[in-house]
Amino acid sequence: MSRRRTTEVAAAWGGRRCTACRCRLSRYNSETVCSICNRSGRAAQPACPFVPTQVWTYEDVKDALVQRDFGRLCQLVRERGHLRQEDMALLTGLSQAFLSMLESGQRRLTNIDRIIVVLDGLNAPADLTGPMLRPAPIAPAPPFRAAS
C-alpha cells in the first residue's frame, strides 16, 4: 500500500467518533454511534445537564447575582458547575452565541422575562434571587358567586 493511501485510510478511520462515548467508529459503521452504545441504549438517553447545588454557595457567584451581572454569573456557574456553553444554552434557552457574547461583556441581559427564564433554567435558589426576579405563584381564583 502506498504512503498516500495509508494516510487517507488513517485519516478516514480516525475522523469519525461515536457521539455517546467518543470512541472511534469503524469505517463500515454508517451510524453516528458505536455498536456497544447502540446495544446498551446509551445513545438514546443523552445526559441532561444540570447546575450542581454547591455552585450557589460560592461568594463570587452570589456577588454576581446580587450585582445583576448576568454575564459574569453565567460564566461562573458554567465554570463552577463544569458545564459547556452548549449545556448552559440548553438550560437557559439562550443561544450559545448569545451566551458567549454575554460572558465576554459584548451583550447584556436586560429583559426581565428573559432574566426570570434564565434563573429558573439555572435553578437559582429563590433566597438569593429575591422576590422581584422570581415569578409569583398563581393564586386560585375566588369561587364565582351569582348575584341574586
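How many of the eight residues of helix 5 are buried? Six of them are, so helix 5 is largely enclosed by the rest of the structure. Buried means under 20% relative accessible area, exposed means over 50%, and partly exposed lies in between (1.4 Å probe, protein chains only).

This is a predicted model: local features need pLDDT of at least 70, side-chain atom pairs count only at pLDDT 80 or more, and totals for chains, interfaces and linings use all residues. Residues are numbered from 1 along each chain as its sequence is written, and side-chain values use heavy atoms, with hydrogens and water left out.

**Overall fold**

- The chain has eight helices and zero strands. Helices (H or I, at least four residues) and strands (E, at least two) are DSSP runs, numbered from the N terminus.
- From the N terminus on, the order of elements is α-α-α-α-α-α-α-α.
- The chain has 148 residues, and buried residues make up 31% of them.
- Contact means heavy atoms within 4.5 Å. Among contacts between residues at least 6 apart in sequence, 31% join residues at least 24 apart.

**Helix 5 and Thr 92**

- The buried residues of helix 5 are Gln 85, Asp 87, Met 88, Ala 89, Leu 91 and Thr 92.
- Their cover includes helix 4, helix 6 and helix 7.
- Thr 92 belongs to helix 5. Its relative accessibility is 1%, so Thr 92 counts as buried.
- The Thr 92 side chain makes polar contacts (pairs of N or O atoms within 3.5 Å; within protein, one must be able to donate a hydrogen and the other to accept it, and residues adjacent in sequence count only if both atoms are side-chain atoms).
- One of these reaches the backbone oxygen of Met 88 at 2.7 Å. Another reaches the backbone nitrogen of Leu 94 at 3.3 Å.
- Leaving aside residues up to four places away in sequence, Thr 92 touches Leu 99, Arg 114, Val 117, Val 118 and Leu 122.
- Just after helix 5, Gly 93 has a positive phi of about 85 degrees.

**Helix 3**

- Helix 3 spans residues 59-66, and its buried residues are Val 61, Ala 64 and Leu 65.
- Viewed down the helix axis, these residues fall within an arc of 100 degrees, so they line one face of helix 3. The arc is that of the directions from the helix axis to the C-beta atoms.
- Glu 59 and Val 66 are exposed on the other side of helix 3.
- Helix 4 (70-80), helix 7 (112-121) and helix 8 (126-129) are among the elements covering the buried residues of helix 3.

**Helix 6**

- Helix 6 covers residues 96-104, with Phe 98, Leu 99, Leu 102 and Glu 103 buried.
- These four cover an arc of only 135 degrees around the axis, which puts them on the same side of helix 6.
- The buried residues of helix 6 pack against helix 4 and helix 5 (85-92).

**Nonpolar cores**

- In soluble globular proteins, nonpolar side chains tend to be buried together.
- A nonpolar core is a set of buried Ala, Val, Leu, Ile, Met, Phe, Trp, Tyr and Cys residues joined through side-chain atoms within 4.5 Å.
- The largest core has 25 residues, of which Val 51, Trp 56, Leu 73 and Val 77 touch the most other members.
- Helix 3, helix 4, helix 5, helix 6 and helix 7 each give two or more residues to this core. The largest share, five residues, comes from helix 4.
- Val 77 touches Val 51, Val 55, Trp 56, Val 61, Leu 83, Met 88 and Leu 122, not counting residues up to four places away in sequence.
- A second, separate core of five residues includes Cys 18, Leu 25, Val 33 and Cys 34.

**Loops with positive phi**

- Arg 68 lies in the loop between helix 3 and helix 4. Its phi is near 60 degrees, a positive value in a residue other than glycine.
- Arg 68 is partly exposed, with a relative accessible area of 35%.
- His 82 lies in the loop between helix 4 and helix 5. His 82 is not a glycine, yet has a positive phi of about 55 degrees.
- His 82 is exposed, with a relative accessible area of 73%.

**Ring contact**

- The charged end of Arg 80 sits over the ring of Tyr 58, 4.2 Å from its centre. A charge sits over a ring if NZ of Lys or CZ of Arg is within 6 Å of the ring centre and within 35 degrees of the ring normal.
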